[in-house]
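Here is a short report on one protein chain. Look over the sequence and the model before reading on.

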Amino acid sequence: MRYKLTFIVGAAFGFVVGARAGRERYDQLVKAGQQLARNPAVRNAAESAAQQSRTAAVKAADTVSAKVGPRLPDALAERVRSLRNGNTPDDDWGTSNT
């Protein structure tokens with residue numbers, strides 16, 4: 001499914017970039033994309049995919065923690081614990097929540 005979606009997005013992008021049909025065709029494509037993004041089925045699929053990825057990330061974190069937990073540096077172990085609890089501590093790791 002991911003590869004199909006990637007292909008479709010790439011094909012649409014290539015068409016928009018390579019099209020010589022002018023502004024009208026571009027506006028039609030933008031409108032179609034906006035309608036697709038507002039489609040409840042698409043939004044539900046995206047939400048479902050996000051939930052599955054969060055579940056997989058938690059499972060992976062648990063597996064890694066079980067295998068290398070005692071050997072993790074304290075700062076990293078604390079970061080994993082805080083993220084698992086849903087906290088986003090203010091830190092200097094160069095990340096932002098924007």
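What is the mean pLDDT of the protein chain, and what share of its residues reach 70 or more?

## Model and confidence

The mean pLDDT is 77, and 82% of the residues reach 70 or more. pLDDT is the predictor's confidence in each residue, from 0 to 100. Confidence is highest in helix α2, at a mean of 86, and lowest in α4 (residues 74-84), at 73. Where pLDDT is low, the predicted coordinates should not be read in detail.

This is a predicted model: local features need pLDDT of at least 70, side-chain atom pairs count only at pLDDT 80 or more, and totals for chains, interfaces and linings use all residues. Residues are numbered from 1 along each chain as its sequence is written, and side-chain values use heavy atoms, with hydrogens and water left out.

## Helices

The protein chain has four helices and zero strands. Its pattern along the sequence is α-α-α-α. Helices (H or I, at least four residues) and strands (E, at least two) are DSSP runs, numbered from the N terminus.

Helix α3 covers residues 40-68. Its 29 residues should span 42 Å at 1.5 Å a residue, and its end C-alpha atoms are 42 Å apart, which agrees. The expected span is 1.5 Å times one less than the number of residues. Helix α1 passes the test too: 17 residues should span 24 Å, and the end C-alpha atoms are 24 Å apart.

N39 caps the N-terminal end of α3. A side-chain oxygen of N39 lies 2.9 Å from the backbone nitrogen of A41.

## Exposure

Of the 98 residues in the protein chain, 4% are buried. Buried means under 20% relative accessible area, exposed over 50%, partly exposed in between (1.4 Å probe, protein chains only). Helix α1 has zero buried residues, so it lies largely in the open.

The chain exposes about 8700 Å², with carbon and sulfur atoms supplying 59% of that area. Accessible areas come from the Shrake-Rupley method with a 1.4 Å probe; for residues, only the protein chains shown count as cover.

V30 lies in helix α2. Its relative accessible area is 32%, so V30 is partly exposed.

V58 lies in helix α3. V58 counts as partly exposed as well, at 43% relative accessibility. V58 and L83 are 25 residues apart in sequence. Their C-alpha atoms are 9.6 Å apart in space.

Methods
Polar contact = N/O pair within 3.5 Å; in protein donor to acceptor, adjacent residues only side chain to side chain.
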